[in-house]
Amino acid sequence: EYRGLTRGDFRPHNTAYGPLVFQLVIATKWARFGGRDAAQALVARYPNEGAYVTQAFTTETTATTVSLPDLLHALRLLAGVLGALTILLLGLTAARLETSRAGAVAATLAAASVGLFQVAHFFTAESVLVFALALFLHACAALATRRASVTSVLEAGVAIALIAASKGPGLVCLVALPAAIASHRQVAGMPTSWWRRSVSLLRAGLSAPMLLSLLVAVLAYAALNPWLVSSDPAAYFRDIAPNRSGAALLALQFNEREFSFYDWRFTYNDSLPFWPHVATLLPYALGGPACLAAYIALGRGLGRRASLARFVVWGAGPPLLLVGGFAVVTVRYVLPAVPALILGAASLLAHPQRLLPAPAPSPHPGRPGGSQPPPGRNATLAASLSFALAALAVGIVAFTCARGVAYALMFRQPDPRVLAGRYLAEHGERRDVVVLEPEGSYSAVLNDDYDLVGRVLPNYPAASGGRWVANSVPPEA
């Protein structure tokens, strides 16, 4: 923002996330604090971007500062709106692919998903990415169930552009688009052998709806990232530090790294690839029972002949294949697979009787007058199993909802870091030394003066007369 308002250069100098993430933050700040003119006047008060970043954002809005808590609150509201739209889109997608009951279950699971709740609770790149993926799946559902229309092509193209402009690795989900187009043709009567399905998928990838969707995506992305269509496209990639380069960070994810402290990867360093994702992270994001239902739906999609039944495979498989070998194992990396898994779980939980084998044709044809022989033991057993599966499905949805509510209520309690900050403010003495673990750089509350304790580094002159928060433990400590 500072570079853009002073030199007209709004490049984020960061390709780890797409430009849309930064543009939304700047737009939210301008909307909250008086628009671009007010931002221009504020920027003019600071000699350089370093001074602007470290001094212009405080706890209150004044003539020379803006309230960072107010800005973060506005961004959380934006994330909440994106989360609500994600719930709506997943419900509509499941209803289009299956039934209205499946749509209701999908919306309920999405609303209660801890993984999606997290990215709707605070603003991050995944807040935009998950919404864009839900929009993309909605467009794919339209293309899979009816003839391509201008609306569905535009929706697919815009969704692809939003994915690229928020977090590029999400583009692996693009393979779901030709699969959706091919699904419509197969439902309309195309043969369903493996060979013919492969040919149909290839033809769908070269079809007019596919190519037009990609054209719309390119145009929309060019509007979001105008630097790539300028006279010097390479300018967008200049002056980017390695820790902010998307390509460098992606390559780094596949390298095991060791640190002198226990970081968030410590518990997964010796684990098998993919196992923490399917055994820990996805059950955390979806809830164990709902995640198991999603896995069953994924397996059914792999085994069934109709491409519509494999919709969840194309939406969830590629993201998991990408991140399964990462050295860093964290829930945010598996979130791109969650929307499609929710659709699969909703399909199964809304119609659990589909797990039962189809009944064999009766050996007794209908008698005159329409009378049928009384149901036998097999019919009674089938009815009992159907009832048990329905009860189990209701129980899984209820458990997922209760888990989501419990998780949400946790945020009504004070943050432990806030409590720690209050304790230090009330009980600390002058010249006290506060030592945190090296991971203290993630403790935003203690490190950013929200707690009134202050943030003075050990090598700063003021450390001799006040408190300081260490980013690492000094040897003498």
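Visitor: Which helix holds Leu85?
Guide: Leu85 belongs to helix α5, which covers residues 68–97. Please bear in mind throughout that this is a predicted model.

Visitor: Is Leu85 buried, partly exposed or exposed?
Guide: Leu85 is partly exposed, because its relative accessibility is 34%, a value between the 20% and 50% limits.

Visitor: Which residues make the nonpolar surface patch?
Guide: Leu85 makes it together with Val81, Leu88 and Leu92, and the patch covers about 330 Å².

Visitor: What is the overall makeup of the secondary structure?
Guide: The chain has 21 helices and two strands.

Visitor: And how much of the chain is buried?
Guide: Of its 477 residues, 43% count as buried. The accessible surface of the chain is about 24900 Å², and 64% of that belongs to carbon and sulfur atoms. As for contacts between residues at least 6 apart in sequence, 71% join residues at least 24 apart.

Visitor: Let us turn to Thr61. Where is Thr61 found?
Guide: Thr61 sits in the loop that runs between β1 (57–58) and β2 (66–67). Its relative accessible area is 44%, so Thr61 is partly exposed.

Visitor: What is Thr61 in contact with, leaving aside neighbours within four places in sequence?
Guide: Its contacts of that kind are Phe33, Val66, Ser67 and Asp70. Phe33 is 28 residues from Thr61 along the chain, and their C-alpha atoms are 8.7 Å apart. With Ser67 there is a polar pairing: a polar atom of the Thr61 side chain lies 3.0 Å from the backbone nitrogen of Ser67.

Visitor: You mentioned Asp70. Which residue does Asp70 meet in a salt bridge?
Guide: The partner is Arg32, with an N to O distance of 3.4 Å between the side chains. This pair links distant parts of the chain, since Asp70 is in helix α5 and Arg32 in helix α2 (residues 19–32), 38 residues apart.

Visitor: How accessible is Asp70, and how accessible is Arg32?
Guide: Asp70 is partly exposed at 29% relative accessibility. Arg32 is partly exposed as well, with a relative accessible area of 41%.

Visitor: How many salt bridges does the count come to?
Guide: The count is seven. One of them joins the side chains of Glu49 and Arg3 at 3.3 Å, N to O. Glu49 is in helix α4 (residues 49–55) and Arg3 in helix α1 (residues 2–7), so this pair ties together parts that are 46 residues apart in sequence. Glu49 is partly exposed at 33% relative accessibility, whereas Arg3 is buried at 15%.

Visitor: Which residue pairs with Asp9?
Guide: Asp9 forms a salt bridge with Arg11, their closest N and O atoms lying 3.0 Å apart. Both of these residues are buried.

Visitor: Which residues are linked in a network of salt bridges?
Guide: Glu126, Lys167 and Arg332 are linked in this way. Lys167 lies in the loop between α9 (150–166) and α10 (176–187). Its side chain makes a polar contact of 2.4 Å with that of Glu126.

Visitor: Is Lys167 buried or exposed?
Guide: Lys167 is buried, because its relative accessible area is 11%, under the 20% limit. Beyond four places in sequence, its contacts include Ala16, Tyr17, Gly18, Leu129 and Tyr333.

Visitor: A change of topic: which phi does Phe274 have?
Guide: Phe274 has a positive phi of about 75°, although it is not a glycine. Most residues other than glycine have a negative phi. Phe274 is in the loop between α13 (246–252) and α14 (275–286), and is partly exposed at 35%.

Visitor: And what about the phi of Arg431?
Guide: Arg431 also has a positive phi of about 75° and is not a glycine. Arg431 lies in the loop between α20 (416–427) and α21 (444–447), and counts as exposed at 59% relative accessibility.

Visitor: Finally, what pLDDT does the chain average?
Guide: The average is 80, and 78% of the residues score at least 70. Over residues 187–191 pLDDT stays under 50, and the model has five contacts beyond four places in sequence for them. Residues 259–263 are also below 50, with three contacts beyond near neighbours in sequence. Where pLDDT is low, the predicted coordinates should not be read in detail.

Terms used: Residues are numbered from 1 along each chain as its sequence is written. Side-chain values use heavy atoms; hydrogens and water are left out. Patches are made of residues with over 30% relative accessible area and no salt bridge: like charges are joined within 9 Å, nonpolar side chains (Val, Leu, Ile, Met, Phe, Trp, Tyr) within 5 Å. Accessible areas come from the Shrake-Rupley method with a 1.4 Å probe; for residues, only the protein chains shown count as cover. A salt bridge is a side-chain nitrogen of Lys or Arg within 4 Å of a carboxyl oxygen of Asp or Glu. Helices (H or I, at least four residues) and strands (E, at least two) are DSSP runs, numbered from the N terminus. Buried means under 20% relative accessible area, exposed over 50%, partly exposed in between (1.4 Å probe, protein chains only). Contact means heavy atoms within 4.5 Å. A polar contact is a pair of N or O atoms within 3.5 Å; within protein, one must be able to donate a hydrogen and the other to accept it, and residues adjacent in sequence count only if both atoms are side-chain atoms. pLDDT is the predictor's confidence in each residue, from 0 to 100.
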